[in-house]
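This report describes a single protein chain for a reader who is new to structural work. Please keep the sequence and the model in view while reading.

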Amino acid sequence: MCGILGVVATSPVNQLLYDGLLVLQHRGQDAAGIAAAEGDRFFMHKGPGLVRDVFRTRNMRNLAGNWGIGHVRYPTAGSAFSTAEAQPFYVNSPFGLLLAHNGNLTNAETLKREMFLADRRHINTNSDSEVLLNVLAHELEAAASGLKLDDSAIFRAVAGVHRRCRGAYAAVAMIAGYGLLAFRDPYGIRPLVIGRRDLPDGAAEWLVASESVALDTLGFKLLRDVAPGEAVLVGMDGSFRSRQCAERTIDAPCMFEYVYLARPDSIMDGVSVYEARLKMGEFLADKLKRTLPHAGIDVVIPIPDSSRPSALEMALRLGVPYREGFVKNRYIGRTFIMPGQSARRKSVRQKLNTIHQEFRGKNVLLVDDSIVRGTTSKEIVAMAREAGASKVYMASAAPPVRHANVYGIDMPTRGELIAGDRDEAGVCLEIGADGLLYQDLADLKAAVRSLNPSLQFFETSCFDGCYITGDITAEYLSGVESQRGDSEDGANLGDIVESGAQLDLNLIDQEEP
């Protein structure tokens, strides 16, 4: 998963983009980048690490201009250790383009071959985002009339992208001398929202972001989501246009955004993430009453942080106390997006510590948003027992995660998923709990749909193995598992040093003053 921003303002946007990326930092901690434009010239700085570590005062000063884009990255394609794959990506023809992307193209390898053989374009990294940029560049070149570029040509180019690209993609792009372009795949899998800020002089500033929380923080009013298949174009003068560019669309947002990925204070596709998680807890409490009526739960304790709303609603509905039993060290990375299984396992006890008096002598219900690899769950159950719990039950606000996600979430191989080859009893035994409760998929859909009845479809492939784009084969999944399994072994120093330095030609000088 990644976080993206695009803004057109009337004053310098470097600080605004930086602040926005800080708000979206939960969507990616591997790399960050900002590009801005003044006149026809682009300025860019990007690198590996957290936003606060990538940008220094000198970098920020050099990011001149009143419009730009930003990106935070956690990789699902390419290398987690390559500085060359930090975004945005740049290509100088036609017109000059910069692009930042959230999602994953499922036909990236086919597109690479097509572009080399037919389009005469060379892709220099393993990133599918560079592929998407070059597809857009080729389609713009084909749609433009000579050196002339207009709105219709840009929208035709996005339509060409939709025809050629498969998978999930939400993207923001800068077209030199023209303006900001944002578009979303025809299934609306990855989120993208539009915000506007009206100024006292009557001018308007525009912001496109992965989550509405960025709009709130930066003082923009949420207007709506970018529709599946839609393209939005904001001129350098602040003029706003949009057009549907896909022949066929389905609104099928990724369910895992509501379960775990998104911040609870965000609104996506008309659904409050916080309210969705409360609803998940409501449905889960009702299931517990049906399936574990004699568990004798004394206290409900969330696993920080995403599960808190669900745990709170479960406790309320069950009529038992809600307590905070774990203290989180916020200087440790999230284990779900931490590259390498050994690093994830080691970090669990570093990031969580128990408040013993909340466990001692009690039948405890631990609530988590999901159980993916099971590493965290197993350690947490053990910690609860060590703190003196009489019995430890585990509840997951999501159904069992049994399948790979190919649409932009790092949920790689079935061998790593604790429920990949186990039933619920097997998972319960593996994590050492006295009882295990999973959300039913039908209830999960009902929980989110109750907040926006117009949502008839969801992308739920990690739960049910049904890939909504219809192009995922067993051979493709086998290749994904092989590729991502290799990446789990980590990178050596050579991978870090030899990271495609020629792509850094666009970067602002990274030396500190």
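Which residues of helix 13 are buried? Within this helix, which spans residues 424–431, they are Val427, Cys428 and Ile431. These three residues lie on the same side of helix 13, because they cover an arc of only 100 degrees around the axis. Exposed residues are found on the face of helix 13 turned away from its buried side, namely Ala425 and Leu429. Just after the helix comes glycine 432, which takes a positive phi of about 80 degrees.

## The model as a whole

The structure is a predicted model. Its protein chain has a mean pLDDT of 90, and 90% of the residues reach 70 or more. Over residues 490–513, however, the pLDDT is below 50, and this stretch has 34 contacts in the model beyond near neighbours in sequence. The secondary structure of the chain consists of 17 helices and 21 strands. Of the 513 residues in the chain, 60% are buried. Among contacts between residues at least 6 apart in sequence, 71% join residues at least 24 apart.

## A pair of packed helices

Helix 5 and helix 6 pack with their axes 8 Å apart, at an angle of about 135 degrees. That angle makes helix 5 oblique to helix 6. The crossing of helix 5 past helix 6 is right-handed. The table lists the residues that form the contact.

| Helix | Residues in the contact |
|---|---|
| Helix 5 (residues 128–143) | Leu132, Val135, Leu136, His138, Glu139, Leu140 and Ala143 |
| Helix 6 (residues 151–164) | Ala153, Ile154, Arg156, Ala157, Gly160, Val161, Arg163 and Arg164 |

## A residue in a loop

Alanine 84 lies in the loop between strand 4 (67–73) and strand 5 (89–91). Is alanine 84 buried or exposed? Its relative accessibility is 1%, and therefore alanine 84 counts as buried, since the cut-off for a buried residue is under 20%. Alanine 84 can also be compared with glycine 47: the two are 37 residues apart in sequence, while their C-alpha atoms are 8.1 Å apart in space.

How values were computed:
Residues are numbered from 1 along each chain as its sequence is written. This is a predicted model: local features need pLDDT of at least 70, side-chain atom pairs count only at pLDDT 80 or more; totals for chains, interfaces and linings use all residues. Side-chain values use heavy atoms; hydrogens and water are left out. Buried means under 20% relative accessible area, exposed over 50%, partly exposed in between (1.4 Å probe, protein chains only). Helices (H or I, at least four residues) and strands (E, at least two) are DSSP runs, numbered from the N terminus. The arc is that of the directions from the helix axis to the C-beta atoms. pLDDT is the predictor's confidence in each residue, from 0 to 100. Contact means heavy atoms within 4.5 Å. Axes are lines fitted to C-alpha atoms, for helices over the stretch in contact, and angles run from 0 to 180 degrees between N-to-C directions. Angles under 35 degrees count as roughly parallel, over 145 as roughly antiparallel, 65 to 115 as roughly perpendicular and the rest as oblique. A crossing is left-handed if the near helix is turned anticlockwise from the far one by less than a right angle, and right-handed if clockwise.
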